[in-house]
Amino acid sequence: MDFKALDREYIAGTYDRFPVEIVSGKGSVMTDETGKTYIDLGSGIGVTSFGAADELWQQAVIAQIGRVQHTSNLYYTQPDVLLAKLLCEKTGMKKVFFSNSGAEANECAIKLARKYAADRYGPAACTVVTLTNSFHGRTLTTLAATGQAHYHELFQPLTPGITSIDAGDMAALKAIHAKGRVAGVLIECIQGEGGVLPIDPAFVHALADWCGAEDVLLMVDEVQTGNGRTGALYSYMNYGVQPDVVSTAKGLAGGLPLGATLMGAKCADVLGFGDHGSTFGGNPVCCAAALSILQRIDDGLLAAVREKGDYLRQRFTGAPGILSVRGMGLMLGLETAKPAGAVVKECLQRGVLCLTAKDRVRLLPALNIPAELLEKAADVICAVCAE
Ligand code: PLP
């Protein structure tokens with residue numbers, strides 16, 4: 001059977017797939033339908049935190065499937081409670097709402113900010129501010145939050161009351177606030193889809209101070225940057241600020257769909273009975289998977305992520321055909337002399353899976369990728385960029 005033809009016939013044409021069918025994987029090595037293997041520097045866009053078919057992750061998932069795969073949120077279950085407790089212990093946040101994706105985690109954050117502000121300052125205090133070049137998801141509300149006009153064009157009208165400012169432009173934020181209160185500000189500390197672009201720490205600090213002073217919720221989108229990716233558990237920890245709300249997903253459950261919205265002391269009790277919900281959110285299998293991932297993101301692993309990131313940075317900085325390197329930990333963006341898409345295509349042919357982000361080659365390998373695979377993959381990328 002020609003699965004690629006069937007895919008084109010039956011699956012909505014929203015994805016421009018590479019001509020490769022992935023049939024299996026182990027750790028950071030993936031195998032296609034011809035038996036060809038690839039070193040995976042994409043980890044399913046930052047999802048498979050410990051690679052494909054990781055043993056401990058599998059054990060946790062299989063054990064929970066054997067107990068019960070779903071119960072609904074009408075009943076208590078253990079994995080979601082244990083996961084929420086661990087997330088709070090590791091971050092100092094106070095409560096968690098579980099959903100299924102990054103977009104939903106951000107939807108919850110936006111709803112939370114609106115209710116927080118409405119409870120205190122009335123329903124007109126509903127504006128949510130995000131940054132130009134951000135990406136927060138594909139639902140109509142998170143598209144509105146995504147500060148890139150080209151994502152908006154086909155889907156008007158989007159959710160109103162969400163507006164973007166340029167990173168660094170505190171004056172624009174203050175002007176919006178002066179017109180009608182801002183409920184919350186949602187940022188990525190490193191804009192992933194926006195080209196692996198770290199936000200200036202001075203601006204993040206100014207924003208955090210201003211939000212604190214004005215009682216506006218500071219919300220950090222850790223969907224891509226979270227769960228160890230940048231060498232800290234969450235990227236805001238690299239910046240030394242304490243958000244009121246943190247959204248995360250992607251790598252949290254290591255390859256199963258789970259979103260989480262973490263709430264700080266200020267807003268932990270804003271959402272009450274019936275204010276929000278999700279059929280699958282907090283699914284016990286996904287939460288058991290996430291528990292096994294989060295328990296292993298310890299200081300040793302984070303130090304190794306930083307070390308491997310430094311290694312890659314060293315390999316690529318000044319290499320022929322590589323013009324610049326940015327990012328943190330194992331979230332890196334390479335500016336290449338050749339178009340990023342061409343580099344990724346050539347790397348695929350030579351057995352290395354990479355990603356793009358805008359005009360950059362983006363690397364998001366598994367957090368535990370072995371050093372020798374990283375070295376081999378870096379050799380391939382350097383060779384492709386140098387030609
Ligand atoms: N936020 C950020 C920073 C992301 O990178 C993404 C996805 O790339 C999302 C939100 C949306 O996540 P999901 O695709 O799980 O809805």
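View 1. At 0% relative accessibility, V196 counts as buried, because the cut-off for a buried residue is under 20% relative accessible area. This close-up, like the others in the set, is drawn from a predicted model. V196 sits in the loop that runs between strand 8 (190-191) and strand 9 (197-198). Although V196 is not a glycine, its phi is positive, at about 55 degrees. Most residues other than glycine have a negative phi, and most peptide bonds are trans.

**View 2. Residue I45 in helix 2.** A positive phi is also found at I45, a residue other than glycine, where the angle is near 60 degrees. I45 belongs to helix 2, which covers residues 43-46. With a relative accessible area of 35%, I45 is partly exposed, whereas V196 is buried.

**View 3. The cis peptide bond between Q156 and P157.** The peptide bond that joins Q156 and P157 is cis, with an omega of about -5 degrees. P157 is placed in the loop between helix 6 (140-145) and strand 6 (162-165).

View 4. The four strands follow one another in the order 13-14-17-16, and their pairing is antiparallel. Strand 13 (322-328) and strand 16 (355-357) form the edges of the sheet, each of them pairing on one side only. From one strand to the next, the twist averages 30 degrees. Strand 13 is joined to strand 14 (residues 331-336) in the antiparallel sense over six bridges, and S324 has E335 in strand 14 as its bridge partner. Strands of a sheet pair through backbone hydrogen bonds, either parallel or antiparallel.

**View 5. C354 and its surroundings.** C354 lies in the loop between strand 15 (352-353) and strand 16, and with a relative accessible area of 7% this cysteine is buried. Leaving aside residues up to four places away in sequence, C354 touches L41, V344, C347, V361, R362, L363 and I381. The separation between C354 and G341 is 13 residues in sequence and 9.6 Å in space, taken from C-alpha to C-alpha.

**View 6. The nonpolar cores.** The largest nonpolar core has 88 residues, and those with the most contacts inside it are L41, L87 and F316. Helix 13 (residues 371-386) supplies the largest share of this core, namely nine residues. L87 touches V96, F98, Y234, L252, A260, L262 and L294, when residues up to four places away in sequence are not counted. A second, separate core holds 26 residues, among them A113, Y116, I162 and M219.

**View 7. The chain as a setting for the close-ups.** The secondary structure of the chain comes to 13 helices and 17 strands. The radius of gyration is 21 Å, close to the 21 Å given by the globule rule for 387 residues, so the chain is as compact as a globular protein of that length. Along its principal axes, the C-alpha trace spans about 60 × 50 × 45 Å. Of the 387 residues in the chain, 53% are buried, and residues 24 or more positions apart account for 73% of the contacts with a separation of 6 or more. The accessible surface of the chain comes to about 16900 Å², and carbon and sulfur atoms make up 57% of this surface.

Note on methods
Residues numbered from 1 in each chain as written. Predicted model: local features only at pLDDT ≥ 70, side-chain atom pairs only at ≥ 80, totals over all residues. Heavy atoms only, no water. Pairing = 2+ DSSP bridges. Helix = DSSP H or I, 4+ residues; strand = E, 2+ residues; numbered from the N terminus. Axes fitted to C-alpha atoms, helices over the stretch in contact; angles between N-to-C directions. Core = buried A, V, L, I, M, F, W, Y, C linked by side-chain atoms within 4.5 Å. Buried < 20%, exposed > 50% of the residue type's maximum accessible area, 1.4 Å probe, protein only. Contact = heavy atoms within 4.5 Å. Rg over C-alpha atoms; globule rule 2.2 N^0.38 Å. Areas by Shrake-Rupley, 256 points an atom, 1.4 Å probe, with all protein chains shown as cover.
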